[in-house]
Amino acid sequence: MTQPVSPPRDSTDKVPSAAETPAWRAVLFRADVRTLSLLGVLAVLILIGGITKPDEFLDTRNLQLVLTQASVIGVVTVGMTFVIISGGIDLSVGAIVALASVWATTVATQEYGFGGILFTAVAVGVGCGLVNGVLIAYGGMVPFIATLAMLASARGLALQLTDGRTQIVTVDGVLDLGERDAYILGIPPLVLVFAAVTVIGWLVLNRTTFGRRTVAVGGNAEAARLAGIDVRRQRLYLYLLSGLCCGIAAFLLIVLAGSGQNTNGNLYELDAIAAAIIGGTLLTGGRGTIVGSVLGVLIFTTITNIFALNNLQSDVQQIAKGAIIVAAVLVQRRTASTT
């Protein structure tokens, strides 16, 4: 009787070693703990808001307002998260939002209606991202310097376009998106756009080659280059992505405010970076999550809303945000030192 012969194992099959499995479990455990911690902080803030101003804070319209306000900076934060994971930084996002919003609301642009405003906002955002990407990836400029220069230039151009005046939107199709009649099952359209960008961002980061390359470049750019990744092209794509998110956010802001101003997007770069940091994204690159960044946005937006409802001064609000950022960075350092 012949003994059955087992088929040869495919050389591409990978059997996880005993040492690898606990490491993966540890990473997933840390991610789960971080997400649960952020959810816990958000729950505590909701509880505080419900206790201090129950009628106002828990009102459906106020909750819709919180989500709507989070949508604009949230879209910017998704793009910022990709950039930071790659080991870069983008200080120009707020200025790009301002430039895109005023360029899209000029009289000449509004003559083309809804499509003209949307296309212009996105095109300006992508164009600015292209300039940042070329300077950084192919010009060899440090991201901090390149995006700082874009911040100054975009702000100056936005001021020149508006001459310091507010540009009112007169296109009904754009204004209608901000009306309650446009809500879908009680959810504002801006929130639906934010949710879509978040889902797409999560899928791209966690389920595509582009996401894996982004993490690889942020973890070790030289090792990524030796592995066959075109690091310069990847960085270019990432700043294009950040610019695209700024363009989308600019359009959402136009819908929300019904106007374009050169002061739009003020300090968005700080809010986006802070939200990404407390969400678990490392400033040194190589690690980050879209879910954590979105939770960071919701935490900051909720804090702002609670402070406004309780008539607390904005300086106290900024101090609270600063304390949260410091605490998040200290937690990151402690986590990194124990791994």
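Okay, let's start in a loop: aspartate 163 sits between helix 7, residues 143–162, and strand 1, residues 167–168. Before I go on, keep in mind that this is a predicted model.

Leucine 185 isn't a glycine either, and yet its phi is positive, about 55 degrees. You'll find leucine 185 in the loop that links helix 8, residues 172–175, to helix 9, residues 189–207. Is leucine 185 buried or exposed? Exposed, and its relative accessible area comes out at 84%.

Let me zoom out for a second. The protein has 15 helices and 2 strands. There are 339 residues, and 42% of them count as buried. Now take contacts between residues at least 6 apart in sequence: 78% of those join residues at least 24 apart.

On to the inside. As a general point, nonpolar side chains in soluble globular proteins tend to be buried together. Here, the largest nonpolar core has 66 residues. Which of them touch the most other members? Those are Val76, Val97, Ile117 and Val174. Let's follow one of them, valine 97. Leaving out residues up to four places away in sequence, valine 97 touches Val76, Cys246, Ala249, Ala250, Leu253, Gly265 and Tyr268.

Hold on to Val76 and Tyr268 from that list, as they both come back in the next bit, where helix 3 meets helix 13. Helix 3 covers residues 60–85, and its axis is 8 Å from that of helix 13, with a packing angle of about 65 degrees. The crossing of these two is right-handed. On the helix 3 side, the residues are Val72, Ile73, Val76, Thr77, Met80, Thr81 and Ile84. Facing them from helix 13 are Tyr268, Glu269, Asp271, Ala272, Ile273, Ala275 and Ala276. Sorted by class, the contact of helix 3 with helix 13 is made of 10 nonpolar, 2 polar and 2 charged residues.

Why do we say that helix 13 is largely enclosed by the rest of the structure? Because 9 of its 11 residues, in the stretch 268–278, are buried. The buried ones are Tyr268, Glu269, Ala272, Ile273, Ala274, Ala275, Ala276, Ile277 and Ile278, so a residue counts here when its relative accessible area is under 20%. After helix 13 comes glycine 280, which has a positive phi near 110 degrees.

Back to helix 3, which also holds phenylalanine 82. Phenylalanine 82 is buried, with a relative accessible area of 2%. What does it touch, once we set aside neighbours within four places in sequence? Its contacts are Gly201, Val204, Leu205, Phe210, Thr214, Leu238, Leu241 and Ile290. For a sense of how the chain comes back around, look at phenylalanine 82 and arginine 235: they're 153 residues apart in sequence, but their C-alpha atoms are 9.9 Å apart.

One more helix pair: helix 6, residues 113–138, and helix 12, residues 231–257. Their axes come within 7 Å, and they cross at roughly 150 degrees. That angle makes helix 6 roughly antiparallel to helix 12. The crossing is right-handed here too. By class, there are 19 nonpolar, 6 polar and 3 charged residues in the contact of helix 6 with helix 12.

Two last residues, and then I'll stop. Arginine 213 is in helix 10, which runs over residues 209–219. Arginine 213 is partly exposed, at 36% relative accessible area. Apart from neighbours within four places in sequence, arginine 213 is in contact with Ile229 and Gln234. The C-alpha atoms of arginine 213 and isoleucine 229 are separated by 7.1 Å, and the two residues are 16 apart along the chain.

The other one is leucine 47, in helix 1, residues 20–52. Leucine 47 is exposed, with a relative accessible area of 54%. From leucine 47 to phenylalanine 57 is 10 residues in sequence and 9.8 Å in space, C-alpha to C-alpha. That's my tour, thanks.

Conventions. Residues numbered from 1 in each chain as written. Predicted model: local features only at pLDDT ≥ 70, side-chain atom pairs only at ≥ 80, totals over all residues. Heavy atoms only, no water. Core = buried A, V, L, I, M, F, W, Y, C linked by side-chain atoms within 4.5 Å. Buried < 20%, exposed > 50% of the residue type's maximum accessible area, 1.4 Å probe, protein only. Contact = heavy atoms within 4.5 Å. Axes fitted to C-alpha atoms, helices over the stretch in contact; angles between N-to-C directions. Helix = DSSP H or I, 4+ residues; strand = E, 2+ residues; numbered from the N terminus. Parallel < 35°, antiparallel > 145°, perpendicular 65-115°, else oblique. Left-handed = near helix turned anticlockwise from the far one by under 90°. Nonpolar A, V, L, I, M, F, W, Y, C, P; charged D, E, K, R; others polar.
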